[in-house]
Amino acid sequence: MADLVPPADLDQLRRRAEVLLRAAEQASAPAEATLATASDRLDLGAAQEAVARDHGFASWALLAREVDRRAVIDAADAARLRALLAREPQLAVEPMVHWCDHPGGASPLGYVAMLRFDTSQGVWRDVPGTDALARALIEAGAPVGGE
């Protein structure tokens, strides 16, 4: 299983699924075996499911949701985060998983706090927009005490 490398984007992952599908259509044994882990079908949906499973997600929809959540937070887009949380409030509490830079997972609120730490300098810094992100997460039910 391969963790996602930020900044992951769905277009790149879709292209990876398309390449996998083409290889399977050309009778590549490794591609066929990878596709078989997700489905007995030979189509783009099955290839997307195989890519999702390769990254530790049960489905393409769950992979897409996680990639979108991380992109919204990384962009410090509080309006999009509020819209996302209005549709799926559990995303305020579900750990952010399968990322190479947070292999143990991170709570969304904890991740927002970590954005402010500059690992190259070992210091905290101001990152505009993190206060609005944190507020949106807390209002949606993110635990503050580390629960």
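## Contacts, core and packing

Guide: This is a predicted model. Not counting residues up to four places away in sequence, Asp 74 touches Tyr 111 and Leu 115.

Visitor: Where does Asp 74 lie?

Guide: Asp 74 is in helix H4.

Visitor: Buried, partly exposed or exposed?

Guide: Asp 74 is partly exposed, because its relative accessible area is 37% and the class runs between 20% and 50%.

Visitor: How far is Asp 74 from Thr 130 in space?

Guide: The C-alpha atoms are 9.5 Å apart. In sequence, Asp 74 and Thr 130 are separated by 56 residues.

Visitor: Thr 130 is in H7, then. Which residues of H6 meet H7?

Guide: On the H6 side they are Pro 108, Leu 109, Val 112 and Leu 115. H7 brings Thr 130, Leu 133, Ala 134, Leu 137 and Ile 138. By class, the contact has eight nonpolar residues, one polar and no charged.

Visitor: At what angle do the axes of H6 and H7 cross?

Guide: Roughly 170 degrees, and the axes come within 10 Å. Angles over 145 degrees count as roughly antiparallel, so H6 and H7 are roughly antiparallel to each other.

Visitor: Switching to the largest nonpolar core. Which residues touch the most other members?

Guide: Leu 4, Leu 63, Leu 81 and Leu 137 do, in a core of 37 residues. The elements giving two or more residues to this core are H1, H2, H3, H4, H5, H6 and H7.

Visitor: Take Leu 4. What does Leu 4 touch, beyond residues up to four places away in sequence?

Guide: Leu 13, His 55, Phe 57, Leu 63, Val 67, His 98, Trp 99 and Cys 100.

Visitor: His 55, then. Where is the place of His 55, and is His 55 buried or exposed?

Guide: His 55 sits in the loop between helix H3 and helix H4. His 55 is buried, because its relative accessible area is 7% and the cut-off is under 20%.

Visitor: Which backbone oxygen lies 2.6 Å from a polar atom of the His 55 side chain?

Guide: The one of Ala 2. Leaving aside neighbours within four places in sequence, contacts of His 55 include Met 1, Asp 3, Arg 16 and His 98.

Visitor: And Ser 59, what does its side chain reach?

Guide: The backbone nitrogen of Leu 62, at 3.1 Å. Ser 59 is also in the loop between H3 and H4. Ser 59 counts as buried at 19% relative accessibility. Neighbours within four places aside, Ser 59 is in contact with Glu 49 and Ala 52.

Notes. Residues are numbered from 1 along each chain as its sequence is written. This is a predicted model: local features need pLDDT of at least 70, side-chain atom pairs count only at pLDDT 80 or more; totals for chains, interfaces and linings use all residues. Side-chain values use heavy atoms; hydrogens and water are left out. Axes are lines fitted to C-alpha atoms, for helices over the stretch in contact, and angles run from 0 to 180 degrees between N-to-C directions. Helices (H or I, at least four residues) and strands (E, at least two) are DSSP runs, numbered from the N terminus. Angles under 35 degrees count as roughly parallel, over 145 as roughly antiparallel, 65 to 115 as roughly perpendicular and the rest as oblique. Contact means heavy atoms within 4.5 Å. Ala, Val, Leu, Ile, Met, Phe, Trp, Tyr, Cys and Pro count as nonpolar, Asp, Glu, Lys and Arg as charged, and the others, Gly among them, as polar. Buried means under 20% relative accessible area, exposed over 50%, partly exposed in between (1.4 Å probe, protein chains only). A polar contact is a pair of N or O atoms within 3.5 Å; within protein, one must be able to donate a hydrogen and the other to accept it, and residues adjacent in sequence count only if both atoms are side-chain atoms. A nonpolar core is a set of buried Ala, Val, Leu, Ile, Met, Phe, Trp, Tyr and Cys residues joined through side-chain atoms within 4.5 Å.
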